[in-house]
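I opened the model today to look up a few things and write them down in order.

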Amino acid sequence: MSNKILVTRSSMPTYEEYCAEIKELWDSRWLTNMGVKHKAFQAALEEKLGVPYVSLFTNGHLALENVIAAMQFPDGGEVITTPFTFTSTTNAIVRNRLTPVFCDIHATDFTIDVTKIESLITEKTCAIVPVHVYGNMCDVEAIQKIADRYHLKVIYDAAHAFGVTYKGKSSASFGDASIFSFHATKVFHSVEGGAVCFHDESLVEVLKDIKNFGIRGPEEVQYIGGNAKMNEFQAAMGICNLRHLDGEIEKRKAVVDRYWMHLDQVDGISLNPIQKDVTSNYAYFPVVFWEDIFGATRDEVQMALANEEIGARKYFYPLTNTFGCFHGRFDVNLTPTALDISKRVLTLPLYADLSFEDVDRICEVVLKCKK
């Protein structure tokens with residue numbers, strides 16, 4: 001049996017539970033186009049997240065790209081966001097013919113630095129797209145005050161924040177919209193999938209149109225839309241996994257606590273903070289290595305882990321404002337904290353079924369790198 005430890009592993013319901021959930025699909029043969037499972041999953045999410053409207057998508061990227069499109073910003077408008085994110089965030093902005101304006105991040109919790117947002121606002125600014133990172137929440141109150149002052153839309157990339165709450169409120173409830181990814185690697189998944197959570201009833205039909213070719217009826221197309229519908233099998237997986245979400249988060253917390261037992265107070269590394277008033281989902285376990293104190297670089301630690309068949313990910317690296325597809329467009333030196341952290345951060349394996357023995361083994365390898 002292999003001793004290889006992957007950086008993540010998907011949680012799943014039992015085979016029997018999932019089969020029971022999809023059994024009726026063999027009778028109806030209604031496999032996509034917003035059938036009974038789609039509707040049931042949507043309703044379950046609205047109740048779980050405490051939001052009035054949820055629109056389901058085939059993946060998180062299309063959820064973000066399409067809600068930006070639904071806002072109908074003018075071509076060439078500017079969107080303040082962060083480069084410390086997955087490529088999807090930046091791509092969704094650019095693919096909507098908008099210009100990302102990159103704001104730096106906090107070195108401690110890796111979210112957008114709200115003290116730097118206002119200096120980036122111009123007459124072209126139309127929105128802010130902050131990113132909740134590793135289960136950490138952005139400063140939603142400060143961001144909303146800025147948005148209200150300048151009449152800007154706020155769309156949260158909450159791909160890392162499903163199940164997270166701030167002062168008892170779901171991460172889904174902030175801003176004009178929040179999007180989630182239900183990719184197989186996430187805390188909660190529907191194999192592939194995503195959702196937009198929002199408050200404005202006028203977006204209900206627009207989002208429905210945009211993900212279904214703009215079709216309103218057999219002979220009526222009202223919007224230049226595409227195809228981004230979640231199918232019934234994805235929705236069924238989501239329904240099953242939603243039943244086990246709280247238990248999965250508890251298991252992940254136990255793994256994180258075990259990591260802290262080994263790595264807290266180790267000179268030369270910084271761990272993901274516990275934010276005030278935030279209940280985390282323990283989505284990732286990032287470690288920042290300060291090689292001048294720790295004695296080894298992030299890359300050296302990753303290599304040591306790889307040599308022991310332990311997966312670890314440089315996440316997020318590189319920054320999106322350094323990508324070749326944007327060559328020459330952005331000055332990475334304008335986000336120095338994000339650049340520095342991107343060269344130091346390593347996410348260690350984390351999933352609900354990761355054993356304490358494996359956590360102990362991972363930490364032993366990490367600590368052997370210390371000089």
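**Entry 1: terms and source.** I call a residue buried at under 20% relative accessible area, exposed at over 50%, and partly exposed in between, with a 1.4 Å probe and protein chains only. Helices (H or I, at least four residues) and strands (E, at least two) are DSSP runs, numbered from the N terminus. The model is predicted: local features need pLDDT of at least 70, side-chain atom pairs count only at pLDDT 80 or more, and totals for chains, interfaces and linings use all residues. Residues are numbered from 1 along each chain as its sequence is written, and side-chain values use heavy atoms, with hydrogens and water left out.

**Entry 2: helix α11.** I looked up which residues of helix α11 (residues 298-307) are buried, and found R298, V301, Q302 and L305. They lie on the same side of α11, because they cover an arc of only 100 degrees around the axis. The arc is that of the directions from the helix axis to the C-beta atoms. Next I asked what covers the buried residues of α11. The cover includes β14, α10 (291-294), α12 (336-342), β15 and α13 (356-368); contact here means heavy atoms within 4.5 Å. Just after α11, I noted that E309 takes a positive phi of about 60 degrees.

Entry 3: The bond from Y315 to F316 is cis, with omega near 15 degrees. P318 is also found in the loop between α11 and α12, and a cis peptide bond with omega of about -5 degrees joins Y317 and P318.

**Entry 4: strand β9.** Is strand β9 (residues 194-198) enclosed or open? Five of its five residues are buried, so β9 is largely enclosed by the rest of the structure. I looked up the partners of β9 next; two strands pair if DSSP finds at least two bridges between them. Strand β1 (residues 53-57) pairs with β9 in the antiparallel sense over five bridges, and S55 has V196 of β9 as its bridge partner. β8 and β9 also pair in the antiparallel sense over five bridges, with F180 opposite A195 in β9.

**Entry 5: a sheet of three strands.** I found an open sheet with the order β7-β6-β13 and antiparallel pairing. Its edge strands are β7 (169-170) and β13, each pairing on one side only. Strand β6 (residues 165-166) is joined to β7 by two bridges, and Y166 has K169 as its bridge partner in β7.

**Entry 6: pockets.** On a 1 Å grid over the protein atoms alone, a cavity is a set of points where a 1.4 Å probe fits but cannot get out, and a pocket is an open set with protein on both sides within 12 Å along at least five of seven lines; lining residues have an atom within 4 Å of a point. Grid points are joined across faces, edges and corners, and a volume is the space filled by probe spheres set on the points.

The largest pocket has a volume of about 510 Å³. It is lined by 32 residues, and the closest to its centre are F86, S181, H183, K186 and Y315. α4 gives the most to this lining of the largest pocket, with three residues. The second largest pocket has a volume of about 250 Å³. Of its 19 lining residues, V256, P273, I274, S280 and Y282 are the closest to its centre. α9 gives the most to the lining of the second largest pocket, with four residues. I also noted that Y282 is found in the loop between β13 and β14 and has a positive phi near 55 degrees, although Y282 is a residue other than glycine.

**Entry 7: the cavity.** How many cavities of 30 Å³ or more does the structure hold? It holds one, and about 60 Å³ of space lies in the largest cavity. Its lining includes F162, S181, K186 and Y284.
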